[in-house]
Amino acid sequence: MRQAEEEERRRQQLRQAARLKKKRKQQKKARARRRRCTIILGVIGVFALWLFLRLAPVPFGTIIVDGNENMSFDDVYRAAGAYSYVNVVQLSTDGIEERLKKDLRIADATVTREFPATIHIELTERKPAAIITTLYGFAYVDKTGRVIDLEPQIKGVSLPIMTGKKVDNLLLGDTINDPTLQAAMAYLQSLPPDLLKTIAEVNVGNPESIVAYTTDSIPIRLGKGDDPAERAKMTETLLTEAKSNGINVQYIDTDLRAPAIKAK
């Protein structure tokens, strides 16, 4: 009798364990279903939000701009294609970079996307490096010789002006292709910044004899303008020597074979 009772008790325990195991398995399946549903709903929600932000005319996110000195932030936003509002979901970094690089005011631009909702623009503005005389006024060119502005009169800026030759048919975005002007520009860009500030004029009227003038009216003979980097170094050396020795200079000659300081 006692053995039969123990046997029945074991059978009940086994049935209870089986029911518990089955219940746990059902609970596990239910949790897995809930997780799947939660993930699916989350994906649908994220996609719906993305679709809303992609299509709706609403502001979202931030654009950070570095490197703009003369351009206002609104100018950069317009150039980037963000006209009335900023929505970083609707903006393409490649598209922004392409548009910015086409803007004459911008020499270079790098556009990156940063988490969670930021577009970072780093740009380098074009700066006028010299003024070229044209038949109808003056062209402002950057260091590469590209025309970035046209004016009927010289504005209040201190830049070297190219004299002795008037260039015809210059338009915004054009690049100077005259060999004499290119040689003069290469010479100017080879000068140290402090020395460049002292150059007021470069006369390119005679391609065989280009002459730069300092703000102190000292002529600097550049010949044909060949070896611009070496002539720039020679200019610095000769002007430093003349100043150190207190020479009243009539002109300096940067001929690399026979450099000279001519005293008055």
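Helices (H or I, at least four residues) and strands (E, at least two) are DSSP runs, numbered from the N terminus.

The model is predicted, so local features need pLDDT of at least 70 and side-chain atom pairs count only at pLDDT 80 or more, while totals for chains, interfaces and linings use all residues. Residues are numbered from 1 along each chain as its sequence is written, and side-chain values use heavy atoms, with hydrogens and water left out.

I begin with the overall form. The protein contains six helices and twelve strands. Its C-alpha atoms fill a box of roughly 140 × 40 × 25 Å along the principal axes. The radius of gyration, taken over C-alpha atoms, is 37 Å, whereas a compact globule of 264 residues would have one near 18 Å; the globule rule is 2.2 Å times the number of residues to the power 0.38.

Next, the surface. Of the 264 residues, 34% count as buried, a class that means under 20% relative accessible area, with exposed over 50% and partly exposed in between (1.4 Å probe, protein chains only).

One region carries an annotation. Over residues 58-126 the chain is 26% helix and 32% strand, with its end C-alpha atoms 33 Å apart.

Let us turn to the backbone.

Asparagine 169, in the loop between β7 (161-167) and α4 (179-190), has a positive phi of about 60° although it is not a glycine. Is asparagine 169 buried or exposed? Asparagine 169 is exposed, with a relative accessible area of 60%. Aspartate 227, in the loop between β10 (219-221) and α6 (228-244), also is not a glycine and has a positive phi, near 50°. Aspartate 227 is partly exposed, at 42% relative accessible area.

Finally, charges over rings (NZ of Lys or CZ of Arg within 6 Å of the ring centre and within 35 degrees of the ring normal). Lysine 155 lies over the face of tyrosine 140, 5.0 Å from the ring centre. The charged end of arginine 221 sits over the ring of tyrosine 251, at 3.6 Å from its centre.
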